[in-house]
Amino acid sequence: MSNTDTAPAEVTCANSEFTGVLHPREVPLGGPRAILVRRTLPQRERSMIGAWCFADHYGPHDVGTGRGMDVPPHPHTGLQTVSWLFEGLIEHRDSAGVHAMVRPGELNLMTAGAGICHSEVSMPQAPILHGVQLWVALPDAARDTDRDFAHYAPPPRSVGGATIRVFLGELAQSHSPVRTFTPLLGAQIDLEPGAELTLDVDPEFEHGVLLDHGAIEVCGTTLAVADLGYQAPGRTQLQLANHGGGPARALLLGGPPFTEELVMWWNFVGRSHDDIATYRELWQGNDARFGDVRGYTGKIARLPAPPLPNGRLKPRPRPAG
(Lines give C-alpha, C1' and ligand atoms only; values in the text may rest on other atoms or scores of the structure.)
Protein backbone atom coordinates (compact mmCIF):
# COMPACT_ATOMS: atom_id res chain seq x y z
CA MET A 1 0.00 0.00 0.00
CA SER A 2 1.18 3.50 -0.75
CA ASN A 3 1.41 6.34 1.69
CA THR A 4 -0.72 8.76 -0.34
CA ASP A 5 -0.20 11.82 1.85
CA THR A 6 0.27 14.78 -0.53
CA ALA A 7 2.79 16.35 1.84
CA PRO A 8 4.25 13.49 3.87
CA ALA A 9 6.35 14.43 6.86
CA GLU A 10 9.72 12.86 7.34
CA VAL A 11 9.92 10.28 10.12
CA THR A 12 13.16 9.31 11.78
CA CYS A 13 12.49 5.82 13.07
CA ALA A 14 14.26 5.23 16.35
CA ASN A 15 13.58 3.78 19.76
CA SER A 16 11.42 5.73 22.19
CA GLU A 17 10.57 5.43 25.85
CA PHE A 18 6.83 5.57 25.16
CA THR A 19 4.75 2.81 26.71
CA GLY A 20 0.97 2.92 26.37
CA VAL A 21 -1.69 3.14 23.68
CA LEU A 22 -1.23 4.71 20.26
CA HIS A 23 -4.49 6.08 18.87
CA PRO A 24 -5.01 6.15 15.09
CA ARG A 25 -5.43 9.08 12.74
CA GLU A 26 -7.55 8.86 9.60
CA VAL A 27 -5.79 9.20 6.25
CA PRO A 28 -7.46 9.08 2.78
CA LEU A 29 -6.10 6.41 0.48
CA GLY A 30 -6.29 7.57 -3.13
CA GLY A 31 -8.38 10.18 -4.94
CA PRO A 32 -11.66 12.01 -4.28
CA ARG A 33 -13.58 8.78 -3.60
CA ALA A 34 -10.81 7.37 -1.45
CA ILE A 35 -11.37 5.01 1.42
CA LEU A 36 -10.13 6.14 4.81
CA VAL A 37 -7.47 4.15 6.62
CA ARG A 38 -6.59 4.37 10.31
CA ARG A 39 -2.84 4.83 10.80
CA THR A 40 -1.12 4.03 14.10
CA LEU A 41 2.52 3.71 12.99
CA PRO A 42 4.56 5.81 12.68
CA GLN A 43 3.77 8.46 15.29
CA ARG A 44 5.81 11.01 17.18
CA GLU A 45 5.38 9.04 20.40
CA ARG A 46 6.63 5.80 18.83
CA SER A 47 7.76 5.20 15.29
CA MET A 48 8.46 1.45 15.42
CA ILE A 49 7.66 -1.82 17.19
CA GLY A 50 10.58 -4.08 16.46
CA ALA A 51 11.15 -3.63 12.72
CA TRP A 52 7.44 -2.87 12.16
CA CYS A 53 7.46 0.74 10.94
CA PHE A 54 4.03 1.35 9.37
CA ALA A 55 0.51 0.16 10.23
CA ASP A 56 -2.74 1.02 8.43
CA HIS A 57 -6.06 -0.54 9.47
CA TYR A 58 -9.04 -0.16 7.14
CA GLY A 59 -12.65 -1.22 6.75
CA PRO A 60 -15.03 -2.74 6.69
CA HIS A 61 -15.75 -0.79 3.48
CA ASP A 62 -18.55 -1.61 1.05
CA VAL A 63 -16.76 -1.81 -2.29
CA GLY A 64 -20.13 -1.87 -4.03
CA THR A 65 -20.63 1.83 -3.23
CA GLY A 66 -17.70 2.68 -5.48
CA ARG A 67 -15.27 3.27 -2.64
CA GLY A 68 -12.64 0.62 -3.03
CA MET A 69 -8.89 0.39 -3.18
CA ASP A 70 -7.17 1.40 -6.42
CA VAL A 71 -3.55 2.30 -5.77
CA PRO A 72 -1.57 2.86 -9.00
CA PRO A 73 2.01 1.57 -9.37
CA HIS A 74 4.15 3.19 -6.70
CA PRO A 75 7.67 2.56 -5.41
CA HIS A 76 9.23 1.16 -2.25
CA THR A 77 12.78 0.85 -0.97
CA GLY A 78 14.36 -0.67 2.12
CA LEU A 79 11.30 -2.48 3.42
CA GLN A 80 8.93 -5.44 3.20
CA THR A 81 5.17 -4.97 2.82
CA VAL A 82 2.81 -7.27 4.72
CA SER A 83 -0.75 -7.52 3.37
CA TRP A 84 -3.35 -9.18 5.60
CA LEU A 85 -7.11 -9.25 5.00
CA PHE A 86 -10.06 -10.07 7.26
CA GLU A 87 -12.52 -9.73 4.36
CA GLY A 88 -12.25 -8.90 0.68
CA LEU A 89 -10.01 -9.59 -2.28
CA ILE A 90 -7.12 -7.45 -3.58
CA GLU A 91 -5.19 -7.88 -6.81
CA HIS A 92 -1.43 -7.38 -6.42
CA ARG A 93 0.94 -6.76 -9.33
CA ASP A 94 4.62 -5.86 -8.98
CA SER A 95 7.73 -5.20 -11.04
CA ALA A 96 9.21 -8.56 -10.08
CA GLY A 97 6.53 -10.02 -12.36
CA VAL A 98 4.29 -11.26 -9.55
CA HIS A 99 0.54 -11.25 -10.10
CA ALA A 100 -1.24 -12.52 -6.98
CA MET A 101 -4.41 -12.16 -4.96
CA VAL A 102 -4.56 -11.11 -1.33
CA ARG A 103 -7.20 -13.23 0.42
CA PRO A 104 -8.50 -13.27 4.01
CA GLY A 105 -6.26 -15.18 6.40
CA GLU A 106 -3.41 -15.47 3.89
CA LEU A 107 -0.13 -13.57 4.08
CA ASN A 108 1.34 -11.78 1.07
CA LEU A 109 4.82 -10.45 1.85
CA MET A 110 6.68 -8.37 -0.74
CA THR A 111 10.35 -7.54 -0.33
CA ALA A 112 11.24 -4.21 -1.93
CA GLY A 113 14.96 -4.32 -1.20
CA ALA A 114 16.82 -1.87 -3.42
CA GLY A 115 13.63 -0.97 -5.27
CA ILE A 116 10.30 -2.28 -6.47
CA CYS A 117 6.96 -0.89 -7.60
CA HIS A 118 3.51 -2.43 -7.29
CA SER A 119 -0.21 -1.78 -7.64
CA GLU A 120 -3.14 -2.84 -5.43
CA VAL A 121 -6.75 -2.99 -6.55
CA SER A 122 -9.76 -4.34 -4.63
CA MET A 123 -11.92 -6.78 -6.61
CA PRO A 124 -15.69 -6.15 -7.01
CA GLN A 125 -16.60 -9.82 -6.55
CA ALA A 126 -15.72 -9.43 -2.86
CA PRO A 127 -18.11 -6.66 -1.71
CA ILE A 128 -16.52 -5.90 1.68
CA LEU A 129 -12.91 -4.72 2.10
CA HIS A 130 -11.40 -5.03 5.56
CA GLY A 131 -7.80 -5.56 6.59
CA VAL A 132 -4.40 -4.13 7.45
CA GLN A 133 -1.30 -3.07 5.56
CA LEU A 134 2.00 -3.22 7.42
CA TRP A 135 5.60 -2.37 6.57
CA VAL A 136 8.76 -3.92 7.98
CA ALA A 137 12.06 -2.02 7.80
CA LEU A 138 15.03 -3.92 6.44
CA PRO A 139 18.33 -3.76 8.34
CA ASP A 140 21.22 -1.99 6.65
CA ALA A 141 22.88 -5.25 5.62
CA ALA A 142 19.76 -6.27 3.66
CA ARG A 143 18.23 -3.01 2.49
CA ASP A 144 19.56 -3.42 -1.05
CA THR A 145 18.56 -7.06 -1.35
CA ASP A 146 16.75 -8.43 -4.40
CA ARG A 147 13.01 -8.12 -4.96
CA ASP A 148 11.03 -11.04 -3.62
CA PHE A 149 7.52 -12.23 -2.80
CA ALA A 150 6.17 -14.85 -0.40
CA HIS A 151 2.70 -16.24 0.25
CA TYR A 152 1.59 -18.26 3.28
CA ALA A 153 -1.80 -19.40 4.62
CA PRO A 154 -1.22 -20.12 8.32
CA PRO A 155 -3.36 -22.90 9.82
CA PRO A 156 -5.61 -21.78 12.70
CA ARG A 157 -4.64 -23.06 16.13
CA SER A 158 -7.15 -23.22 19.01
CA VAL A 159 -5.80 -22.13 22.39
CA GLY A 160 -8.43 -21.97 25.13
CA GLY A 161 -11.11 -19.55 23.98
CA ALA A 162 -8.95 -18.17 21.19
CA THR A 163 -7.97 -18.98 17.61
CA ILE A 164 -4.45 -17.96 16.58
CA ARG A 165 -2.99 -17.65 13.08
CA VAL A 166 0.76 -17.01 13.09
CA PHE A 167 1.82 -15.48 9.78
CA LEU A 168 5.33 -14.42 10.83
CA GLY A 169 7.59 -15.80 13.56
CA GLU A 170 6.54 -18.12 16.37
CA LEU A 171 3.77 -18.09 18.97
CA ALA A 172 1.79 -20.71 20.89
CA GLN A 173 3.70 -23.60 19.28
CA SER A 174 2.93 -22.30 15.79
CA HIS A 175 5.71 -21.32 13.39
CA SER A 176 5.66 -19.44 10.09
CA PRO A 177 8.18 -20.55 7.45
CA VAL A 178 8.25 -17.10 5.80
CA ARG A 179 11.68 -15.48 5.82
CA THR A 180 12.28 -12.12 7.46
CA PHE A 181 15.54 -10.22 7.87
CA THR A 182 15.11 -9.52 11.59
CA PRO A 183 13.23 -11.59 14.20
CA LEU A 184 9.53 -10.75 13.96
CA LEU A 185 6.16 -11.84 15.27
CA GLY A 186 2.89 -11.36 13.41
CA ALA A 187 -0.31 -13.16 14.40
CA GLN A 188 -4.08 -12.77 14.22
CA ILE A 189 -5.85 -13.60 17.47
CA ASP A 190 -9.63 -14.14 17.64
CA LEU A 191 -11.10 -14.21 21.14
CA GLU A 192 -14.49 -15.66 22.04
CA PRO A 193 -16.74 -13.62 24.36
CA GLY A 194 -15.40 -13.78 27.91
CA ALA A 195 -12.15 -15.46 26.86
CA GLU A 196 -8.94 -14.75 28.77
CA LEU A 197 -5.62 -15.71 27.21
CA THR A 198 -2.07 -15.74 28.58
CA LEU A 199 0.64 -16.07 25.93
CA ASP A 200 4.29 -16.89 26.51
CA VAL A 201 6.32 -14.29 24.59
CA ASP A 202 10.00 -13.58 23.99
CA PRO A 203 11.22 -11.15 26.68
CA GLU A 204 13.63 -9.60 24.16
CA PHE A 205 10.68 -8.50 22.00
CA GLU A 206 8.58 -5.40 22.30
CA HIS A 207 4.96 -6.02 21.32
CA GLY A 208 1.98 -4.16 19.92
CA VAL A 209 -1.65 -5.29 19.95
CA LEU A 210 -3.74 -3.72 17.17
CA LEU A 211 -7.47 -4.10 17.83
CA ASP A 212 -9.62 -4.83 14.78
CA HIS A 213 -13.02 -5.17 16.46
CA GLY A 214 -14.60 -6.02 19.79
CA ALA A 215 -13.35 -5.13 23.25
CA ILE A 216 -9.93 -6.45 24.23
CA GLU A 217 -8.00 -5.67 27.37
CA VAL A 218 -4.22 -5.96 27.09
CA CYS A 219 -2.39 -6.38 30.39
CA GLY A 220 -5.13 -4.39 32.12
CA THR A 221 -5.58 -1.67 29.46
CA THR A 222 -8.72 -1.61 27.31
CA LEU A 223 -8.27 -0.82 23.60
CA ALA A 224 -10.67 0.92 21.23
CA VAL A 225 -10.97 -0.16 17.59
CA ALA A 226 -7.71 0.51 15.67
CA ASP A 227 -5.81 1.36 18.87
CA LEU A 228 -2.32 -0.09 19.12
CA GLY A 229 -1.35 -1.08 22.66
CA TYR A 230 2.41 -1.14 23.22
CA GLN A 231 4.33 -3.35 25.65
CA ALA A 232 8.07 -2.87 26.24
CA PRO A 233 10.61 -5.70 26.26
CA GLY A 234 11.08 -7.64 29.47
CA ARG A 235 7.75 -9.46 29.63
CA THR A 236 7.67 -13.23 29.43
CA GLN A 237 3.88 -13.32 29.20
CA LEU A 238 1.15 -11.24 27.57
CA GLN A 239 -2.42 -11.25 28.89
CA LEU A 240 -5.40 -10.65 26.60
CA ALA A 241 -9.04 -10.65 27.70
CA ASN A 242 -12.31 -10.17 25.83
CA HIS A 243 -14.75 -8.55 28.25
CA GLY A 244 -17.27 -7.63 25.57
CA GLY A 245 -20.48 -9.37 24.68
CA GLY A 246 -19.31 -10.55 21.26
CA PRO A 247 -16.20 -11.92 19.58
CA ALA A 248 -13.06 -9.80 19.34
CA ARG A 249 -10.10 -9.81 16.99
CA ALA A 250 -6.62 -8.29 17.13
CA LEU A 251 -3.20 -8.52 15.55
CA LEU A 252 -0.14 -9.13 17.70
CA LEU A 253 3.07 -7.61 16.32
CA GLY A 254 6.50 -7.96 17.87
CA GLY A 255 10.25 -7.97 17.49
CA PRO A 256 13.42 -6.90 19.29
CA PRO A 257 13.93 -3.12 19.34
CA PHE A 258 15.31 -1.95 15.99
CA THR A 259 18.54 -0.14 16.85
CA GLU A 260 19.38 1.37 13.45
CA GLU A 261 18.21 4.91 12.79
CA LEU A 262 16.06 5.24 9.69
CA VAL A 263 14.54 8.07 7.71
CA MET A 264 11.15 7.23 6.22
CA TRP A 265 9.44 9.58 3.78
CA TRP A 266 6.50 8.77 1.48
CA ASN A 267 7.10 5.15 0.38
CA PHE A 268 10.85 5.14 0.90
CA VAL A 269 12.96 3.91 3.81
CA GLY A 270 16.57 5.13 3.81
CA ARG A 271 19.28 6.30 6.17
CA SER A 272 19.62 9.94 5.17
CA HIS A 273 18.11 12.87 3.31
CA ASP A 274 20.36 12.10 0.38
CA ASP A 275 19.05 8.52 0.20
CA ILE A 276 15.46 9.72 0.03
CA ALA A 277 16.19 12.49 -2.47
CA THR A 278 17.97 10.00 -4.74
CA TYR A 279 15.11 7.47 -4.56
CA ARG A 280 12.60 10.17 -5.41
CA GLU A 281 14.65 11.44 -8.37
CA LEU A 282 15.07 7.92 -9.74
CA TRP A 283 11.35 7.18 -9.41
CA GLN A 284 10.36 10.43 -11.13
CA GLY A 285 12.85 9.62 -13.89
CA ASN A 286 11.41 6.13 -14.51
CA ASP A 287 14.73 4.56 -13.53
CA ALA A 288 15.12 0.79 -13.92
CA ARG A 289 15.83 0.53 -10.20
CA PHE A 290 12.06 0.21 -9.66
CA GLY A 291 11.02 -1.60 -12.85
CA ASP A 292 7.53 -1.59 -14.29
CA VAL A 293 4.17 -3.10 -13.37
CA ARG A 294 2.48 -4.95 -16.22
CA GLY A 295 -1.28 -5.42 -16.47
CA TYR A 296 -2.47 -2.50 -14.32
CA THR A 297 -5.36 -0.77 -16.13
CA GLY A 298 -6.13 2.20 -13.88
CA LYS A 299 -6.36 5.81 -15.02
CA ILE A 300 -2.94 6.78 -13.59
CA ALA A 301 -0.01 4.79 -14.97
CA ARG A 302 2.31 5.63 -12.06
CA LEU A 303 1.75 7.47 -8.80
CA PRO A 304 3.93 10.60 -8.86
CA ALA A 305 6.07 11.37 -5.83
CA PRO A 306 5.07 14.43 -3.83
CA PRO A 307 7.60 17.27 -3.59
CA LEU A 308 10.24 17.02 -0.91
CA PRO A 309 9.75 19.39 2.02
CA ASN A 310 11.81 22.56 2.18
CA GLY A 311 15.16 21.91 3.79
CA ARG A 312 16.86 18.65 4.52
CA LEU A 313 15.07 15.74 6.14
CA LYS A 314 16.27 15.75 9.72
CA PRO A 315 15.83 13.46 12.69
CA ARG A 316 13.02 14.29 15.05
CA PRO A 317 13.85 14.83 18.73
CA ARG A 318 13.74 11.70 20.85
CA PRO A 319 10.30 11.60 22.51
CA ALA A 320 10.14 11.71 26.27
CA GLY A 321 8.76 8.70 28.11
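Just past the end of helix H1, asparagine 286 adopts a positive phi of about 55 degrees. In this predicted model, that makes a handy starting point. Asparagine 286 is not a glycine, yet its phi is positive, and at 52% relative accessibility it counts as exposed.

Now step back into the helix itself. H1 runs over residues 273–284, and its 12 residues reach 17 Å from the first C-alpha to the last, close to the 16 Å expected at 1.5 Å a residue. Which of its residues are buried? They are His273, Asp275, Ile276, Tyr279 and Trp283. These residues cover an arc of only 165 degrees around the axis, which puts them on the same side of H1.

In the loop between E26 and E27 sits tryptophan 266, whose phi is near 55 degrees although the residue is not glycine. Is tryptophan 266 buried or exposed? With 3% relative accessibility, tryptophan 266 counts as buried, whereas asparagine 286 counts as exposed.

Next, have a look at the sheet. Seven strands make up an open, antiparallel sheet, in the order E3-E4-E5-E12-E7-E10-E13. At its edges stand E3 (25–29) and E13 (148–152), each with a single partner strand, so one side of each has no neighbour in the sheet. From one strand to the next, the twist averages 20 degrees. Within this sheet, E7 (residues 79–87) and E12 (residues 128–137) pair in the antiparallel sense over eight bridges; for valine 82, the bridge partner in E12 is leucine 134.

Two cis peptide bonds deserve a visit as well. One joins leucine 41 to proline 42, with omega about 0 degrees, and proline 42 is found in the loop between E4 (35–41) and E5 (52–62). Another joins glycine 59 to proline 60, again with omega about 0 degrees; proline 60 has its place in strand E5.

Finally, the cysteines. How many disulfides does a search of the whole structure find? The count is zero. Take cysteine 117: its sulfur is 19 Å from the closest cysteine sulfur, that of cysteine 53, which is too far for a bond. Cysteine 117 is buried, with a relative accessible area of 1%, while cysteine 219 counts as partly exposed at 23% relative accessibility.

Notes: Residues numbered from 1 in each chain as written. Predicted model: local features only at pLDDT ≥ 70, side-chain atom pairs only at ≥ 80, totals over all residues. Heavy atoms only, no water. Helix = DSSP H or I, 4+ residues; strand = E, 2+ residues; numbered from the N terminus. Expected span 1.5 Å × (residues − 1). Buried < 20%, exposed > 50% of the residue type's maximum accessible area, 1.4 Å probe, protein only. Arc of directions from axis to C-beta. Pairing = 2+ DSSP bridges. Axes fitted to C-alpha atoms, helices over the stretch in contact; angles between N-to-C directions. Disulfide = S-S within 2.5 Å.
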